[in-house]
Amino acid sequence: MHDSYWIRTMPPWTDRPSGEGSLPYDVCVVGGGAMGASTAYWLTQLGRRPLVLERNDTPGQGASGRNGGFMVQGANPVHAEAVELYGHDEARSLYRMTQVNQELAEAVVQRENIHGAYTRATKVDLAFDEREEAYLRESVTPLRHEGVDAFWVPRSEVAEFLGTGVGSHISGGLVRRDQATLHSTRFVLGIADAARRHGATFVCKSPVIEIVPRNQGWRVVTETQVYDVPQVVVAVNAWAPELLPDLEPFLTLIRGHLLLTEATDLRLSPWSINDTATYGRQVPSGQLLVGGMRSAVSDADIGQKPRAGESGLDTRPAIVDALRRVLPDILPTTEGLGVDYAWAGVMDFTPDRLPLAGPYPGREGLWLMVGFSGHGMPYSLALPRALAEACVEPERSTLPTVLNPTRFLG
Ligand SMILES: Cc1cc2nc3c(=O)[nH]c(=O)nc-3n(C[C@H](O)[C@H](O)[C@H](O)COP(=O)(O)OP(=O)(O)OC[C@H]3O[C@@H](n4cnc5c(N)ncnc54)[C@H](O)[C@@H]3O)c2cc1C
């Protein structure tokens, strides 16, 4: 199993173990990915003392450290489809939440001196046939209504926004200027470290094996410790059913691949092709990332669970080959660019592609933040902030009802 580019270029993290046993923590956050680290950060901003328990030796080695590092605004589907699926008001409020997320990301990286983690970007969603073009064009008007600088450009003008020309089968692209990219581990570890400076405790190499109710609150059990806490936030992505088996029917595990080329002199904006779930961007070293292409295998890489104790997955040669071939097909100027390596991670899809974020029904003090369906980073500050606020003042919760776990666990 290969480590990701982000893990190979990860900032240093020194674990500072807490004291023994049950210290008076207000909330235990299980999982030190983007969601867990960010929840801990916001809890400290609300004067709380969170404990984060992470299975790996640092935060950010799960999906958050293996992803493409796109912070694409809006819900998982393109905006017009989100309106159709979730309703106008819900899709709008999700879009707004991801806009707030971006404002928070900009404010937090600046305030906490998290360098090189976040970059504003123009993104181009490419269309390769008439149906896909119609699908993308449908989003222009609703996006503009949200105040987004979005517009359609024909193939001949794509290079102006993308940085290079596209293959002859691409008809044009939806350009959105309000997007961002991340250096994934700098982002997560930066937030985790800021949370720690503000009073959060991170205990790594500490897999949680059980979460059990007590008379008041919860007992969180690791291999070596027991923590009694009033509240628990479960932010363990694809591993959630191991702790909460009721979630199993609602979380489909899907493997995601990324391939990294050699460095190039091209300077490219992030791009994607919705229909084949293929996407790409440039990383700070000048190398190109290309991801997706699950359509290359008949099972679409669904149902892939990491081996016990591992955070990533082995790569699948058919998908790596498809990624290698698709890049020059979409961006002909990349022809001949060598491949450095590929890696894979695991995503947790819900049936409606929206996260489960809110109280676990019928289990007071237990909160869920899972099911990001391959699209977590646009929520990575705003949703944890809303969840942290709900932990502190449940009656004033601003968590979107469309994300409430009752829709499946009711
Ligand atoms: C290949 C790939 C590409 C992706 N690309 C993008 C992208 O470009 N943009 C985007 O928005 N999203 C993308 N995603 C999805 C995104 O990475 C996730 O939505 C996001 O990282 C979820 O964050 P998280 O904190 O919930 O999960 P994770 O980062 O997986 O964190 C969960 C943490 O919980 C820990 N854990 C698990 N079990 C236990 C336990 N029992 N005890 C203690 N700790 C435990 C894990 O070690 C891990 O650190 C991609 C995902 C993959 C796999």
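Good morning. I begin at the ligand, where one of its oxygen atoms lies 3.2 Å from a polar backbone atom of A34. Such a pair is called a polar contact, meaning two N or O atoms within 3.5 Å; within protein, one must be able to donate a hydrogen and the other to accept it, and residues adjacent in sequence count only if both atoms are side-chain atoms.

Before I continue, please note that this is a predicted model, in which local features need pLDDT of at least 70 and side-chain atom pairs count only at pLDDT 80 or more, while totals for chains, interfaces and linings use all residues. Residues are numbered from 1 along each chain as its sequence is written, and side-chain values use heavy atoms, with hydrogens and water left out.

N67 places a polar side-chain atom 3.1 Å from a ligand oxygen, and a polar backbone atom of G69 is 3.4 Å from an oxygen of the ligand. In total, 38 residues surround the ligand, the closest being E54, S64, F70, N237 and M377; a residue is included if one of its heavy atoms lies within 4 Å of the molecule.

I turn now to the domains, whose bounds come from an automatic or database domain assignment. Domain 1 comprises 24-117, 183-250 and 351-410, and domain 2 comprises 123-178 and 252-349. Their C-alpha centres are 26 Å apart.

Finally, I consider the charged pairs. Two salt bridges cross the interface between domain 1 and domain 2, each defined as a side-chain nitrogen of Lys or Arg within 4 Å of a carboxyl oxygen of Asp or Glu. R92 and E146 also form a salt bridge through their side chains, at 3.1 Å from N to O. Thank you.
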